[in-house]
Amino acid sequence: MATPSSAVRSTAGRLRVAVPSVAERVADELRSQLAEGALLPGARLTESTIAEDLGVSRNTVREAFAELASERLVVRQPNRGVFVASLGVGDIHDVYTVRRAIEVSALRGGGSAEGVAAVRAAVEEGKRAAAAGDEEALGSANQHFHGAIVALAGSRRLNSMMAQVLAEMRLFFHKATMDGQFYHHYLRENEAICEALEAGEPDRAADLLLAYLDRSEDNLADVHGDAADAD
């Protein structure tokens with residue numbers, strides 16, 4: 001039988017496992033900056049600058065870089081440093097396969113009233129950005145929309161997976177947004193998906209999203225393929 005002291009030690013051990021490390025929180029912050037479009041593909045990331053900005057040690061930033069490198073969000077170049085990854089056409093299908101698996105299934109589940117309200121809030125955020133002519137804010141609203149869809153499932157693990165996917169997607173979208181109307185097309189489709197969800201028709205919403213993702217993948221493949229041909 002476990003003694004009280006051993007039970008406390010065991011509980012403390014479980015708590016330590018559940019609390020993210022400082023390096024993980026730094027990685028979360030950088031991942032969020034990638035998803036919000038604040039860090040561009042090919043940008044150099046400096047340990048000392050990030051450490052100062054976030055109030056952590058350079059060693060902590062180094063650990064965060066290692067985590068992001070394992071997710072292919074940054075790359076370390078010998079004798080040069082760490083850079084934001086520049087994803088190519090070969091990565092697109094893999095990322096969209098993940099998106100179909102987690103976004104469509106989350107949407108079919110319907111979610112809570114609060115979850116549906118978060119999806120609507122992201123749509124309205126996009127409308128405000130579009131009205132203001134703020135393409136970067138419109139891109140972020142689109143990211144928030146897809147994050148809210150996955151959040152409908154109520155799974156922290158899926159939310160963590162989606163955080164990585166959103167970061168990768170913003171890296172793809174940087175090249176595509178040379179077309180100033182890029183996100184406007186998605187805003188209209190986001191509205192239709194949200195309306196179906198609010199009408200209590202999650203399967204219809206999921207079908208709309210599935211077709212949307214197919215078109216989006218084809219669009220990005222064309223953009224990145226054309227860019228590769230030009231190079």
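## Reading a predicted helical model

Guide: Leu30 is buried, with a relative accessible area of 3%, where buried means under 20% relative accessible area, exposed over 50% and partly exposed in between, for a 1.4 Å probe and protein chains only. This is a predicted model, in which local features need pLDDT of at least 70 and side-chain atom pairs count only at pLDDT 80 or more, while totals for chains, interfaces and linings use all residues. Residues are numbered from 1 along each chain as its sequence is written, and side-chain values use heavy atoms, with hydrogens and water left out.

Visitor: Which residues does Leu30 touch, not counting those up to four places away in sequence?

Guide: A contact is counted when heavy atoms lie within 4.5 Å, and by that reading Leu30 touches Leu39, Ile50, Phe65 and Leu68. For the protein as a whole, among contacts with a separation of 6 or more, 73% join residues 24 or more positions apart.

Visitor: In which helix is Leu30 placed, and how does one check the span of that helix?

Guide: Helices (DSSP runs of H or I, at least four residues) and strands (runs of E, at least two) are numbered from the N terminus, and Leu30 belongs to helix H2. The expected span of a helix is 1.5 Å times one less than its number of residues. For the 14 residues of H2 (residues 22-35) this should be 20 Å, and the end C-alpha atoms are 20 Å apart, which agrees. The buried residues of H2 are Ala23, Val26, Ala27, Leu30, Arg31, Leu34 and Ala35, and just after H2, Gly37 takes a positive phi of about 85°.

Visitor: How many helices and strands does the protein have?

Guide: There are 10 helices and 3 strands, following the pattern α-α-β-α-α-β-β-α-α-α-α-α-α along the sequence. Of the 231 residues, 40% count as buried.

Visitor: How is a pair of aromatic rings described?

Guide: Such a pair is described by the distance of the centres and the angle of the planes. Rings of Phe, Tyr and Trp (its six-membered ring) pair if their centres lie within 6.5 Å, and planes under 30 degrees apart count as stacked, over 60 as edge-to-face and the rest as tilted. This structure holds 1 aromatic pair: the ring centres of Tyr186 and Tyr212 are 5.3 Å apart and their planes stand at 40°, so the pair is tilted. Because Tyr186 lies in helix H9 (residues 182-198) and Tyr212 in helix H10 (residues 202-230), the pair ties together parts that are 26 residues apart in sequence.

Visitor: Are Tyr186 and Tyr212 buried or exposed?

Guide: Tyr186 is buried, with a relative accessible area of 6%, and Tyr212 is buried too, at 1%.

Visitor: What shows where empty space is left?

Guide: Rolling a probe the size of a water molecule over the atoms shows this. On a 1 Å grid over the protein atoms alone, a cavity is a set of points where a 1.4 Å probe fits but cannot get out, and lining residues have an atom within 4 Å of a point. Here the count comes to 1 cavity of 30 Å³ or more, and the largest cavity holds about 40 Å³ of space. Its lining consists of Ala122, Val123, Gly126, Leu138, Ala141, Asn142, Leu187 and Asn190.

Conventions
On a 1 Å grid over the protein atoms alone, a cavity is a set of points where a 1.4 Å probe fits but cannot get out, and a pocket is an open set with protein on both sides within 12 Å along at least five of seven lines; lining residues have an atom within 4 Å of a point. Grid points are joined across faces, edges and corners, and a volume is the space filled by probe spheres set on the points.
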